[in-house]
Amino acid sequence: MKPLMLLSLAAAIAASPCPYGQLAERGALPKTEADKFFAARAEGEAAIEKQMLKAREEKRAEHAAQEAYYKRQLNLGDLPLGGGLLGGVLQPFSGVLKGLGVPTPQPFGLKEIPGDDGLHPFQFPKTTDVRGMCPTLNTMANHGFISRTGITTFAEAANACQITLGFGYDTCVFLSALGLLAGGDLPSGKYSIGGADARVPNTLGPSLGISKHGFFEVDNSISRQDQNFGNQADFRLDRWNRLVDITKKYNGQFGNSAFAEERVTVYKEAKNANPKFTAGIRWLGVTTAERVFVFRALPNGTDPGNANFRNIAPFFLNETFPEEWFRRATPYTLAATGADIANLLASSSEITNPGQNQGLGNFVPLGLDLGNVSPTTATCFLASAIFDNTPGFLAPGLVTNYATVQAFLNGAVKPFFATYNCPVLDFAKPGPSAGDATPGVSAHSNILINGVYQ
Ligand code: HEM
Ligand SMILES: *[C@@H]1O[C@H](CO)[C@@H](O)[C@H](O)[C@H]1NC(C)=O
Ligand SMILES: *[C@@H]1O[C@H](CO)[C@@H](O)[C@H](O)[C@H]1NC(C)=O
C-alpha cells in the first residue's frame, strides 16, 4: 500500500466517530473500503497509529490557523454577511445571503463511481434539461449527482465535485463559487450549468448561465470553440480528435505533455484567427486548470498516473463515467492545482502571453510574465480569476451589488487562499464598462453519443 493511501485511510479512521475496524469486521463497509482496511492492518497497526497521529496534528494546526484567520476577518469587518472557515467547514451566511446553502466537506477515499447504490444510473437528459461546456458537470447531471435538470446550486455542485471526482473541499468550493458568480443567482445559490434559464431566479440582476462568455467560459477551451465562432457550449468533435491525435505522440496519454503541446496550438490558432481573442487573467486560470484537471480527475483512481483514452473519453464523448471507474483516492487541493499549472506552463514549448486581440493582427499584451511561475503564484492565478474582475465581463447584477459579491467572496472563497499570500484577495470595484448582460448559451442538444449530438 502506498504511503498516501495509508495516510488517507488513517485520516478516515481518525475522522470516523465509530471504530472503522469494527465496521470492517462486521462486514458493514463497502468491499473496497474493507479490503483497504484489512490490507492496511496487515501492514502493521503501529505504522497506521503513527500516520494517524501525524494527520491529526496537521489537522489541528490547520484548524488553529483557520480560527485565527476567521477572528481576523471578524475584526476587520470582512464578514458582514457571515461565512468564513472554521474547523474546515464554511459557516452559514446571513442577511441577503441567508438562503445561500454552503457546501459541506465530504468523505474521501477510493470509491467506485457511480457505484451500485441504485440512485445514480446514467440517464439521457430530457429535452427540458440543460447541458453546457463542462464535461464533468454534464456527467454529474446525467447521473443525478447534481439535479438532472442542469439547474444546480453552489452547495450541490461543490458537494458533487467532491463525491464524484474526489476533488478537495477547497477546490470544489472555489469552482462552484466561480460558477455561481459567472451566471447564477447569488441569494439562492442557483445556477444553470449551461445558458440562461427561467428556472434560475434573477434576484440581483439577470442570471446568465455559467456559459456566459468571459467570466468562467473563456477562449481556448479544450473541446469547445471560442464564442466568437459560434456556440461556446457545444462539444466539438474536430477539437477532440485533434487532441486525441496529439496524445498519440505521448503513449496515448492525456497528460501534461500532450496538453503542453495542445494549449500552445490552440493559443496560436486563436491569436491568428479570432479578432476578439481574449487571454486575460480568467483565461489564464481557467485554461490551465481545466487541462490539469483532465489528468488529475479523470483517470481510474486505482491507476492515477494513467490518463488513457478508456478513462478520459467517456466523460467527453458520452458525458458518463467509464465502466468500473474509481474516483481518486486523495483530495485534489488548490495547492496541488497550482503546482500542476506551474508545471504545465513550464513544459509548454512557447510562452503564451496573456493579452487580447483588438482586431486581427493587433494583440495587446497584458504585460504578465509567464516565463517562471512558481506553484504558489499559479495558485494565486486562481484567486485572481475570481477576485480580480475584468470590467466588461461582469453581469449587471454583480456590478450593482458589488458589496454583496465582496461579502460572499470574503466569506466563501478568501479563507481558502489565506495561506498563499496572493497579491489580489479583494474584489476590485467594477469599472465603468462593466455590466455585460449577454446571456450564455446551452449545448444546442443535450444528448451526446460518442461525441455526436442526437
Ligand atoms: C462546481 C464545479 C465546476 C464548475 C462550476 C465548472 C464550470 C466549468 C466551466 C464554466 C467551464 C468552461 C471553461 C472554458 O470556457 O474553457 C468548464 C470547463 C471544464 N471543466 Fe468544469 N466546472 C466545475 C468542476 C469541474 C471539475 C471538478 C473538473 C474536473 C475534471 C472540471 C473539468 C473541466 C474541464 C476538463 C473543462 C474543459 C472542457 C473543454 O473545454 O473541453 N470541471 N467547467
Ligand atoms: C459511447 O457510447 C456509445 C453508445 O453506447 C458506445 O458505443 C461508445 O463506445 C461509447 N464511447 C466511449 C468512449 O465510451
Ligand atoms: C479501474 O481499476 C479497476 C481495479 O484495477 C479495474 O477493475 C477497472 O477495470 C478499471 N477501470 C477502468 C475504467 O480503467
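**Figure 1. The shell around ligand 1, sorted by class, holds 20 nonpolar, 5 polar and 2 charged residues.** The structure shown here and in the following views is a predicted model. Ligand 1 sits in the largest cavity, and of the 27 residues around the ligand, those that come nearest are Cys134, Ser221, Ile222, Ser223 and Glu290. Four helices, H5 (135-142), H6 (154-165), H7 (169-183) and H10 (281-297), each supply at least two residues of this shell. Among the contributors, H10 gives the most, with 5 residues.

**Figure 2. Polar contacts of ligand 1 with threonine 136, valine 218 and serine 223.** In this view, serine 223, which is one of the residues that come nearest to ligand 1, has an N or O atom of its side chain 2.5 Å from an oxygen atom of the ligand. Valine 218 takes part through its backbone, with an N or O atom that lies 2.8 Å from an oxygen atom of ligand 1. At threonine 136 the contact is made by a polar side-chain atom, which lies 3.2 Å from a nitrogen atom of the ligand.

**Figure 3. Ligand 3 and the residues that surround it, among them Asn300, Arg310 and Glu324.** The surroundings of ligand 3 also include Thr302, Asn311, Pro322, Glu323 and Phe326, and by class this shell has 2 nonpolar, 3 polar and 3 charged residues. Glutamate 324 contributes a backbone N or O atom, which lies 2.7 Å from a nitrogen atom of the ligand. Ligand 3 exposes 360 Å² when taken alone, and the protein buries 66% of that area.

**Figure 4. Ligand 2 and its shell, to which helix H11 (residues 309-318) gives the largest share.** The residues surrounding ligand 2 are Ala313, Pro314, Leu317, Asn318, Ile449 and Asn450, and the share that comes from H11 amounts to 4 residues. Sorted by class, the shell has 4 nonpolar and 2 polar residues, with no charged residues. Both asparagines take part through their side chains: an N or O atom of asparagine 318 is 2.3 Å from an oxygen atom of ligand 2, while a polar atom of asparagine 450 lies 3.2 Å from a nitrogen atom of the ligand. Taken alone, ligand 2 exposes 360 Å², of which the protein buries 47%.

**Figure 5. An open, antiparallel sheet of 3 strands in the order S6-S8-S9.** Strand S6 (278-279) and strand S9 (363-365) stand at the edges of this sheet, and because each has a single partner strand, one side of each is left without a neighbour in the sheet. In general, the strands of a sheet pair through backbone hydrogen bonds, in either a parallel or an antiparallel sense. Here, strand S8 (residues 355-357) pairs with S9 in the antiparallel sense over 3 bridges, and one bridge joins asparagine 357 to its partner in S9, phenylalanine 363.

**Figure 6. Backbone geometry at proline 114 and at asparagine 251.** The peptide bond that runs from isoleucine 113 to proline 114 is cis, with omega near 0°, and proline 114 has its place in the loop between strand S3 (111-113) and H5. H5 is also one of the helices that each supply at least two residues of the shell around ligand 1. Asparagine 251 is found in the loop that lies between helix H8 (237-248) and helix H9 (256-273).

Note on methods: Residues are numbered from 1 along each chain as its sequence is written. Chains are lettered from A and ligands numbered from 1 in the order in which they are written. This is a predicted model: local features need pLDDT of at least 70, side-chain atom pairs count only at pLDDT 80 or more; totals for chains, interfaces and linings use all residues. Side-chain values use heavy atoms; hydrogens and water are left out. Two strands pair if DSSP finds at least two bridges between them. A residue is near a molecule or strand if one of its heavy atoms lies within 4 Å of it. A polar contact is a pair of N or O atoms within 3.5 Å; within protein, one must be able to donate a hydrogen and the other to accept it, and residues adjacent in sequence count only if both atoms are side-chain atoms. On a 1 Å grid over the protein atoms alone, a cavity is a set of points where a 1.4 Å probe fits but cannot get out, and a pocket is an open set with protein on both sides within 12 Å along at least five of seven lines; lining residues have an atom within 4 Å of a point. A molecule sits in a cavity or pocket if more than half of its atoms lie within 2 Å of its grid points. Ala, Val, Leu, Ile, Met, Phe, Trp, Tyr, Cys and Pro count as nonpolar, Asp, Glu, Lys and Arg as charged, and the others, Gly among them, as polar. Accessible areas come from the Shrake-Rupley method with a 1.4 Å probe; for residues, only the protein chains shown count as cover.
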